Amino acid sequence: MKVLESLTEDSDAFEHTLVMGFNPEPRFLDRFLVPALRRQGVRNIIVAADAQATSQGLVEWGDGLRGLGRSWLLWPVRAPVRFHPKLIVQAGRTDLRVFVGSGNPTHAGLSRNAEVWTRFDCDMRTAPSAVARSALEYVIDVLSAEPGNTARRAALAALLDAPSAVHGRITDP
C-alpha cells in the first residue's frame, strides 16, 4: 500500500489527522503532507513523536518551518522507553480511518521505503470494532498522560469528539 497516497485519497471525508511515529521529518510534513491534507479539508493535524528525537531534531530543522504551530501541531511524547509507534488516525463526521505500519512520519517512511502498512476503514453508523477501539484507546492513554499546551489538548479533544471516533466500525478497504 502506498500510504502517502492513501492518506490524501478521499480525505475530504476527514477533518482530523493524527500521525504517531518515532522521528518525524518536519520539513516534509510542513511543505508536503500538511498542505496536501489541508487541500482535502483536514483542518486539525497533530504529529506525536518521541520527545528526545524531537528535541534533537529541532536544532536540525531550523527556522524554515512555516506551518508548525499554525497549520499543524507537534506533540513530543515522553515515554519510559523510546516512543516508537507507527499509527495514523483520520477522523471525520462519518468515517474513521486507521493506518498501522512500520514507517516513520518522513518522506522515506511514507513513500520511498519498503514499509508495511495496513489500512482499516470505519463506518460510524455501526458500533466500533476492536481495532478502532484499541487504536483510539491507545491514543487516549498515551496523549492524556502527556503534558500538553492548550492548543494540543483542544486539537486532541476535537479528534476524539469527532462522531466517527466515537461510533466507528472497521471494514476491509
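There are five salt bridges in this structure, and the model I am showing is a predicted one.

Start with Arg43 and Glu15. Their side chains form a salt bridge with an N to O distance of 3.2 Å. Arg43 sits in the loop between α2 and β2, and Glu15 in the loop between α1 and β1, so the bridge ties together parts that are 28 residues apart in sequence. Are the two partners buried or exposed? Glu15 counts as buried, because its relative accessibility is 15% and the cut-off is under 20%. Arg43, at 48%, counts as partly exposed. This pair also belongs to a network of salt bridges, which links Glu15, Arg43 and Arg93.

Next, Asp50 and Arg82. Here the N to O distance is 2.9 Å, again between side chains in a salt bridge. Asp50 is in strand β2, while Arg82 is in the loop between β3 and β4, so this pair ties together parts 32 residues apart in sequence. Asp50 is buried at 4% relative accessibility. Arg82 is partly exposed at 39%.

Then there is Asp121 with Arg119, a salt bridge whose closest N and O atoms are 2.8 Å apart. Asp121 is buried, with a relative accessible area of 16%. Arg119 is buried too, at 11% relative accessibility.

Now the chain as a whole. It has seven helices and seven strands. From the N terminus the order is α-β-α-β-α-β-β-β-α-β-α-α-α-β. Of the 173 residues, 50% are buried.

Last, the aromatic rings. The structure holds one aromatic pair. Phe28 and Phe32 make up that pair, with ring centres 5.8 Å apart and 25 degrees between the planes. The pair counts as stacked, because the angle is under 30 degrees. Where do Phe28 and Phe32 lie? Both are in helix α2, which covers residues 26-39, and they are four residues apart, about one turn of the helix. Phe28 is buried, at 6% relative accessibility, whereas Phe32 is partly exposed, at 41%.

Conventions:
Residues are numbered from 1 along each chain as its sequence is written. This is a predicted model: local features need pLDDT of at least 70, side-chain atom pairs count only at pLDDT 80 or more; totals for chains, interfaces and linings use all residues. Side-chain values use heavy atoms; hydrogens and water are left out. Rings of Phe, Tyr and Trp (its six-membered ring) pair if their centres lie within 6.5 Å; planes under 30 degrees apart count as stacked, over 60 as edge-to-face and the rest as tilted. Helices (H or I, at least four residues) and strands (E, at least two) are DSSP runs, numbered from the N terminus. Buried means under 20% relative accessible area, exposed over 50%, partly exposed in between (1.4 Å probe, protein chains only). A salt bridge is a side-chain nitrogen of Lys or Arg within 4 Å of a carboxyl oxygen of Asp or Glu.
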